[in-house]
Amino acid sequence: MRLPDIENAIRPLSRTKKLQLIQAIMRMLHKENASAQDTDMQKYFQPGQDVGFYGPVCEPKIAKQLQELL
């Protein structure tokens, strides 16, 4: 669906309905983003795995970033 088609479909809606639509879209995007983050974490961790105190980090990259801050 093209943007002008979406605009024409939304234009007759009341302000309340438009706000409800925006909230529904925001929830959908947050849910989509959360599932993408879950997939990223599955690269590093298995369900039920003891993580301990350390996570996947790139120490040289962190050191370079810290040096740039100083």
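User: Where is Leu29 found?
Analyst: Leu29 sits in helix 2, which covers residues 15-42. Keep in mind that this is a predicted model.

User: Is Leu29 buried, exposed or partly exposed, and why?
Analyst: Leu29 is partly exposed, because its relative accessible area is 46%. Buried would mean under 20%, and exposed would mean over 50%.

User: Let's take Leu21. Where does Leu21 lie?
Analyst: Leu21 lies in helix 2. Leu21 counts as partly exposed because its relative accessibility is 31%.

User: What is Leu21 in contact with, leaving aside neighbours within four places in sequence?
Analyst: Ile10 and Leu13. Leu13 is also part of the nonpolar patch.

User: How far apart are Leu21 and Ile10?
Analyst: They are 11 residues apart in sequence. In space, the distance is 9.2 Å from C-alpha to C-alpha.

User: New topic. How many helices and strands does the protein have?
Analyst: There are 3 helices and 0 strands. Along the sequence, the pattern reads α-α-α.

User: What share of the residues is buried?
Analyst: Buried residues make up 1% of the 70 in the protein.

Notes:
Residues are numbered from 1 along each chain as its sequence is written. This is a predicted model: local features need pLDDT of at least 70, side-chain atom pairs count only at pLDDT 80 or more; totals for chains, interfaces and linings use all residues. Side-chain values use heavy atoms; hydrogens and water are left out. Patches are made of residues with over 30% relative accessible area and no salt bridge: like charges are joined within 9 Å, nonpolar side chains (Val, Leu, Ile, Met, Phe, Trp, Tyr) within 5 Å. Accessible areas come from the Shrake-Rupley method with a 1.4 Å probe; for residues, only the protein chains shown count as cover. A salt bridge is a side-chain nitrogen of Lys or Arg within 4 Å of a carboxyl oxygen of Asp or Glu. Helices (H or I, at least four residues) and strands (E, at least two) are DSSP runs, numbered from the N terminus. Buried means under 20% relative accessible area, exposed over 50%, partly exposed in between (1.4 Å probe, protein chains only). Contact means heavy atoms within 4.5 Å.
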